[in-house]
Amino acid sequence: MISSKQTTKQLLQKKIQYLDSLIANLKREEELLSYRDADTAVKLEFKNETFVRKLEEVDRELWERQEMEVYSEDEIAISETVFERLDAARNLQEKVQELLVFEMNESKKEYWEFSIKRRLKSHLMQSSGLSWTKNYC
């Protein structure tokens, strides 16, 4: 849990750090997906969940002190930076999500092709003359 002794400015700066880390991961994930490396990209996606949880913690603390404080000019300026980073993260997440859906659909196609080939091979072996169940070779 985040210390309640932190100022609003410190919490906003911490939020920017988490957002910067999230953005860096999303950019790396987008790059990996452009190379069709979905396995590594998915591992990064799980790491992103950690940053999202930390961001939620900061948001909870900011929400709790919202009614108690008046924001300074510095805090308002930092808040604008937070909103810019949130927009950047949201845009990147949308791109990454589209790429992940594409990779998932490609994987499904590969699975179905493999499954069809396997069933076809099995069917051909059963219907060919080389079957002990048909009592001839």
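**Pockets, helices and buried residues in a predicted chain**

Modeller: The lining of the largest pocket consists of eight nonpolar, three polar and three charged residues. This is a predicted model, in which local features need pLDDT of at least 70 and side-chain atom pairs count only at pLDDT 80 or more, while totals for chains, interfaces and linings use all residues. Residues are numbered from 1 along each chain as its sequence is written, and side-chain values use heavy atoms, with hydrogens and water left out.

Biologist: What makes a residue of the lining nonpolar, polar or charged?

Modeller: The residue type decides: Ala, Val, Leu, Ile, Met, Phe, Trp, Tyr, Cys and Pro count as nonpolar, Asp, Glu, Lys and Arg as charged, and the others, Gly among them, as polar. On that basis, the lining of the second largest pocket divides into six nonpolar, two polar and six charged residues.

Biologist: What makes a set of points a pocket, and which residues count as lining?

Modeller: A pocket is an open set of points, on a 1 Å grid over the protein atoms alone, where a 1.4 Å probe fits and protein lies on both sides within 12 Å along at least five of seven lines; lining residues have an atom within 4 Å of a point. The largest pocket holds about 260 Å³ of space. Leu 12, Lys 15, Leu 62, Tyr 71 and Ser 79 are the closest to its centre among the 14 residues that line it. Two or more lining residues come from each of α1 (8-34), α2 (38-65) and α3, and α3 gives the most, with six.

Biologist: How much space lies in the second largest pocket, and what is meant by a volume?

Modeller: The second largest pocket contains about 200 Å³; a volume is the space filled by probe spheres set on the grid points, which are joined across faces, edges and corners. Of the 14 residues that line the second largest pocket, those nearest its centre are Leu 19, Leu 22, Val 52, Leu 55 and Leu 86. Here α2 gives the most, with seven residues.

Biologist: How do you know what secondary structure the chain has?

Modeller: Helices (H or I, at least four residues) and strands (E, at least two) are DSSP runs, numbered from the N terminus. By that criterion the chain comes to three helices and zero strands, in the order α-α-α along the sequence.

Biologist: Why does Leu 22 count as buried?

Modeller: Buried means under 20% relative accessible area, exposed over 50%, and partly exposed in between (1.4 Å probe, protein chains only). Leu 22, in helix α1, has 9% relative accessibility and therefore counts as buried. Of the 137 residues of the chain, 28% fall in the buried class.

Biologist: Which residues does Leu 22 touch, and what does contact mean?

Modeller: Contact means heavy atoms within 4.5 Å. Leaving aside residues up to four places away in sequence, Leu 22 touches Asn 48, Phe 51, Leu 55 and Ala 89.

Biologist: Why is Glu 103 called buried, given that it is a charged residue?

Modeller: The relative accessible area of Glu 103 is 8%, so this residue is buried. Glu 103 lies in helix α3 (residues 73-127) and, apart from residues up to four places away in sequence, touches Leu 33, Arg 36 and Ala 38.

Biologist: Why is Arg 36 called partly exposed?

Modeller: Arg 36 has 46% relative accessibility and therefore counts as partly exposed. It is found in the loop between α1 and α2, and has a positive phi of about 70° although it is not a glycine.

Biologist: Why are Leu 86 and Ser 107 placed in the partly exposed class?

Modeller: Leu 86 has 25% relative accessibility and Ser 107 has a relative accessible area of 43%, so both count as partly exposed. Leu 86 is in helix α3, and its C-alpha atom is separated by 9.4 Å from that of Asp 20, 66 residues apart along the chain. Ser 107 is also in helix α3; Ser 107 and Ala 38 are 69 residues apart in sequence and 9.8 Å apart in space, C-alpha to C-alpha.

Biologist: Why is the pair of Tyr 111 and Trp 112 called edge-to-face?

Modeller: Rings of Phe, Tyr and Trp (its six-membered ring) pair if their centres lie within 6.5 Å; planes under 30 degrees apart count as stacked, over 60 as edge-to-face and the rest as tilted. By this rule the count comes to one aromatic pair. The ring centres of Tyr 111 and Trp 112 are 5.5 Å apart and their planes stand at 70°, so the pair is edge-to-face. Trp 112 itself counts as partly exposed, at 48% relative accessibility.
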